[in-house]
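Here is a short briefing to read alongside the sequence and the structure. Have a look at the fold first, then work through the points below.

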Amino acid sequence: MKKMAMRWMLWCIFLVSGGVGFLKVRPQVEHVWAVAMEFVNPFGFDDYLKKKWDSKPTDFLISKLGHPAIAYDGVSTELLARRKDLDRENELIGIVQSGADQKKRSSALSVLFAWDKDEATKIAKEILSAGKKHPLYNRAISHLVHEKDEFVYPFILDLAKSPDRFTNGAVSYLREYGSRQALLVLEDMLREQNLSAVHKI
Amino acid sequence: MDLTWFDFFSSQNNALTQTDAGFLGLTANRRWKQEVNDAAPSLAAEIQDKSNKFIFVPGVNSTVGGAMANDISYAEVNKIADVFHVANTDKQVVFCHSAGTQVCLESLKDAKADFYIFASPRVSRSTFEQMIHDAGLKPEQVLVVTAADDYPHWPTDVIFDPEKLAMDIAKGNVVNAAENIATSLTDTLNSSFYDYGNNTNIAGELEYNYLFLDSDVTAKDNATTPLLKHAGGIKGLVEDHEYDVKNNGETEERVSLRKLYSDYFKGIF
């Protein structure tokens, strides 16, 4: 009897530790699975996922935001953005403001911009005010530039004055922001780049 | 990539040959080899005709002008050609993708264009380097593009220390041996995704230009699925997406794929 109980206990330990272990590595396993699926189905793994996940609950899609498999992260972001399940807005805000990994927060912010532009803009401005060390700093600039929000202009200008101004996205931000003021700065930068190219010759 | 790993299943004279994997592998390999062998001489002939300013060579799973999801339309090919301003130059551009990269490499024996884009090459990096070297292509004439969610490649530099492994096993140091194997496997897996990033020779000189599409910022801005898969280097151009990239190892943020291709092309003048 004692032996039997011992055996059951060992089985339980094995199953529980195996289960916990699987849950821990599940995203990585899913990542490998996604690459394999894409390899055998190059004609649209994303489309297949979109169809399969379209009827899934919002919580499931939120859980896939920031997934190591880019297809999972991208498809969940796109489906959530279309769905506009405002009952879950606070959950999304929580993710953006949480200590979760940058990829998950970034995807949540993208969805938030699709759901509630005012709230997302407010959060993006707070991120910019928090300074360059904020992990979503560049993402916030990108969204606000996309929305052509005037608040963002000094932050672009700051990037345009930085030593790495030709590779930090400033050129693209200025172009997309598109005001006369921004285009003049862009013109100066491009002239400078051409001059330095001439100097190299 | 030539699916040579399937050959193992196909060549075994046992029950494995009868499996679906063996059958599929055999079919896929035949199709791949046949298409490459057929296409390379035709491509060489097209390149020899210098009135062809832009040549697009697709992979085995897509055709130009077809009606399938993976196919590319003539309008899209023209859109890609426009990036290189081919109408206003006497330079010839060849844009190859996937299996098409092997076709391009095979054709180099008979004809050479001015500028090549190899989007997601499907040959090992050592073979690739040897073939562009033999053809006398300069680094500025070759741009390799891969994306973060692309298929893995065959890694050329496998980090593996067989001597250390043998020593560990001889000493009965099983833990070290297991660690060695695990590290080698992990390194091989990582290397298989990023292998083409090793684009300098021992002297530190560029062998070819290498562009890695790291993150699709346009998709992030619009909350859509990123164009970072096997065809990311084409779709991102056709749909004019901007990316965070590694440009010969240097990080560049939010830069348009059109601009990057165009800049590299201008570099050959």
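## A covered helix in chain A

In H4(A), the buried residues are Ile70(A), Ala71(A), Tyr72(A), Asp73(A), Gly74(A), Val75(A), Ser76(A), Thr77(A), Glu78(A), Leu79(A), Leu80(A) and Ala81(A). That leaves H4(A) mostly covered, with 12 of its 14 residues buried. Please keep in mind that this is a predicted model.

**More on H4(A)**

- The 14 residues of H4(A), taken at 1.5 Å a residue, should span 20 Å, and this agrees with its end C-alpha atoms, which are 20 Å apart.

**Where the two chains meet**

- Chain A brings 32 residues to the contact, and chain B brings 26 residues.
- About 2,600 Å² is buried between chain A and chain B, and 54% of that lies on carbon and sulfur atoms.
- Between chain A and chain B there are 14 residue pairs in polar contact, counting pairs with both residues at pLDDT 80 or more.
- On the side of chain A that touches chain B, at least two residues come from each of helix H1 (2-40), helix H2 (45-53), helix H4 (70-83), helix H6 (102-115), helix H8 (137-146) and helix H10 (170-177) of chain A.
- Which helix gives the most to that side of chain A? The answer is H4(A), with eight residues.
- Sorted by class, the side of chain A that touches chain B holds 10 nonpolar, 13 polar and nine charged residues.

**Salt bridges between the chains**

- Five salt bridges are counted between chain A and chain B.
- One of the salt bridges pairs Lys229(B) with Asp46(A), with 3.5 Å between the closest N and O atoms.
- Glu242(B) and Arg175(A) also form a salt bridge, and here the closest N and O atoms are 2.4 Å apart.
- Glu242(B) sits in strand E6 (residues 242-247) of chain B, while Arg175(A) sits in helix H10 of chain A, so this pair joins two chains.

**Salt bridges within a chain**

- Over all chains, the salt bridges number 25.
- Lys64(A) and Glu30(A) form a salt bridge, their closest N and O atoms lying 3.2 Å apart.
- Why does this pair tie together separate parts of chain A? Lys64(A) is in helix H3 (residues 58-64) and Glu30(A) is in helix H1, so the pair links parts that are 34 residues apart in sequence.
- Lys64(A) counts as buried at 7% relative accessibility, and Glu30(A) counts as buried at 13%.
- In chain B, a salt bridge brings together the side chains of Glu106(B) and Lys109(B), at 3.3 Å from N to O.
- Glu106(B) is partly exposed, with a relative accessible area of 23%, whereas Lys109(B) counts as exposed at 63% relative accessibility.

Notes: Residues are numbered from 1 along each chain as its sequence is written. Chains are lettered from A and ligands numbered from 1 in the order in which they are written. This is a predicted model: local features need pLDDT of at least 70, side-chain atom pairs count only at pLDDT 80 or more; totals for chains, interfaces and linings use all residues. Side-chain values use heavy atoms; hydrogens and water are left out. Contact means heavy atoms within 4.5 Å. Buried area is the accessible area (1.4 Å probe) that two parts lose on being put together, summed over both. A salt bridge is a side-chain nitrogen of Lys or Arg within 4 Å of a carboxyl oxygen of Asp or Glu. A polar contact is a pair of N or O atoms within 3.5 Å; within protein, one must be able to donate a hydrogen and the other to accept it, and residues adjacent in sequence count only if both atoms are side-chain atoms. Helices (H or I, at least four residues) and strands (E, at least two) are DSSP runs, numbered from the N terminus. Ala, Val, Leu, Ile, Met, Phe, Trp, Tyr, Cys and Pro count as nonpolar, Asp, Glu, Lys and Arg as charged, and the others, Gly among them, as polar. Buried means under 20% relative accessible area, exposed over 50%, partly exposed in between (1.4 Å probe, protein chains only). The expected span of a helix is 1.5 Å times one less than its number of residues.
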